[in-house]
Amino acid sequence: MAGILIIAHAPFATALRECIAHIYGGIPARIGVIDVSPDCDPAQVSAFAQSEVERLREDNGVLVLTDMYGATPANIASRLTNLANVRVLAGVNLPMLVRAVCYRTTPLDTLV
């Protein structure tokens, strides 16, 4: 099963997790969020993101979902691609997240 990390502009990541909690009646295991605020230090958030990847890592790896390609959250997420079994997708939305949660037991590259 793949861990899932959502990195997005504040408060979008938390809002997506709350939607998943509503749909599933609770937050499924191994789903983390990082809300990136306008005044954040990207280096600090990157370090935290790396620790979150390790915390969320499952046998299948970690899928990182981010909002807008080219924006700060996506740039932070892209730094995680050098870690083993981590894949990053931009353009996260609720249907994408629900599908990722439903199919997270598939191989990581298939999930992507």
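Colleague: Where in the predicted model is Asn 85?
Modeller: Look past α3, which covers residues 72-78. Strand β4 takes up 86-90. Asn 85 sits in the loop between α3 and β4.

Colleague: What is the phi of Asn 85?
Modeller: Asn 85 is not a glycine.

Colleague: Is Asn 85 buried, partly exposed or exposed?
Modeller: Buried means under 20% relative accessible area, and exposed means over 50%. Asn 85 has 42%, so it counts as partly exposed.

Colleague: How far apart are the end C-alpha atoms of helix α1?
Modeller: Helix α1 runs over residues 12-24, which is 13 residues.

Colleague: Why are the buried residues of α1 said to be on the same side?
Modeller: The buried residues are Ala 13, Leu 16, Ile 20 and Ala 21. They lie on the same side of α1 because they cover an arc of only 145° around the axis.

Colleague: What covers the buried residues of α1?
Modeller: Two strands are included, β1 (3-9) and β2 (31-36). A helix is included too: α4 (94-102).

Colleague: Which peptide bond is cis?
Modeller: Pro 11 is in the loop between β1 and α1. Omega is near 0° for the bond from Ala 10 to Pro 11.

Conventions:
Residues numbered from 1 in each chain as written. Predicted model: local features only at pLDDT ≥ 70, side-chain atom pairs only at ≥ 80, totals over all residues. Heavy atoms only, no water. Helix = DSSP H or I, 4+ residues; strand = E, 2+ residues; numbered from the N terminus. Expected span 1.5 Å × (residues − 1). Buried < 20%, exposed > 50% of the residue type's maximum accessible area, 1.4 Å probe, protein only. Arc of directions from axis to C-beta. Contact = heavy atoms within 4.5 Å.
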